[in-house]
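Visitor: I am new to this structure. Please show me how to read it.

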Amino acid sequence: MGKFNMLGALVGDIVGSVYEFCNTKSTDFELFCGASNFTDDSVMTLAVAKWLLEDEAHTIHYLIYCMQELGNHHPNAGYGGRFAGWLCEDNPQPYNSWGNGAGMRVSPVGLYAKTLDEALALAALTASVSHNHPEGVKGAQAIATSVFLCKQGKSKQEIKEYVEKTFGYNLHRTIAEIRPRYEFDVSCQGSVPEAIIAFLEGNSFEEVIRLAISLGGDSDTIGSMAGGIAACMYPIPEEIAERCDNILTADLREIKDKFIQMIEAND
């Protein structure tokens, strides 16, 4: 497993951060600028990683603790209104969301899980604390499944067929077909399959990120989901990895590094 796999979702988020509300419909764009930064996608991805690192029992209580602790330590990361409230509640409850927040944070599960069944169960758990709508759970499971299968060395065709059969997503479209009519869509059902298609179509890590962000819409989240899968198949160019690593704060970088060490030790 490559050293920078955990960075895949974080790179997609950071590169996409400046295009979320200033969409591009081209693959020809600057990967980084002065405003490039991590968003809630990275913070919650690392909260899930922290949970997997520190809680062998995988309890809901500790998952919520990790999400709230890290989220409140980084309060200006761009959380949605309902989730921002959830982060501050004494007894946060799921609110039947089908939003792609469920898919954006789940990639560590696919890297961590030893079996596909474990990946599916842990993914459902990460979604259920807030995004417990069936589409939210399905989106999280589809991304975790894609990461897990890719980590296991399955081909793109095998991943495509399994995801289509299991989750009912239409992955027979192309980015070029989707892009002209694609608009901002924060639902799992309107962004998870698009992220997977970007992975299926790209022939390098950077190309996957460029394809994902070129759709427009919720660019950082689509980039994060696509990048989390792509990093299991393609190496992240060292210059890109280092640039993103330096954008992370010390606490986030520490979680990322510890998670990588755990995954590599168990590989």
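Predicted model: local features only at pLDDT ≥ 70, side-chain atom pairs only at ≥ 80, totals over all residues.

Visitor: Which residues of H7 are buried?

Guide: Helices are DSSP runs (H or I, at least four residues), numbered from the N terminus. Buried means under 20% relative accessible area, exposed over 50%, partly exposed in between (1.4 Å probe, protein chains only). Helix H7 covers residues 116-128. Its buried residues are Leu116, Ala119, Leu120, Leu122, Ala123, Leu125, Thr126 and Ala127.

Visitor: Which residues touch the most other members of the largest nonpolar core?

Guide: A nonpolar core joins buried Ala, Val, Leu, Ile, Met, Phe, Trp, Tyr and Cys residues through side-chain atoms within 4.5 Å. The largest one here has 96 residues; Met44, Val109, Ile196 and Phe259 touch the most other members. H8 gives the largest share of this core, 9 residues.

Visitor: What is Ile196 in contact with, leaving aside its neighbours within four places in sequence?

Guide: Contact means heavy atoms within 4.5 Å. Ile196 meets Ala142, Ile143, Ser146, Val163, Leu171 and Ile229.

Visitor: Why does Phe184 count as partly exposed?

Guide: Because its relative accessibility is 41%. Phe184 sits in the loop between helix H10 (175-178) and helix H11 (192-201).

Visitor: Where is Gln152?

Guide: Gln152 is in the loop between H8 and H9. Gln152 is also partly exposed, at 46% relative accessible area.

Note on methods
Residues numbered from 1 in each chain as written. Heavy atoms only, no water. Helix = DSSP H or I, 4+ residues; strand = E, 2+ residues; numbered from the N terminus. Expected span 1.5 Å × (residues − 1).
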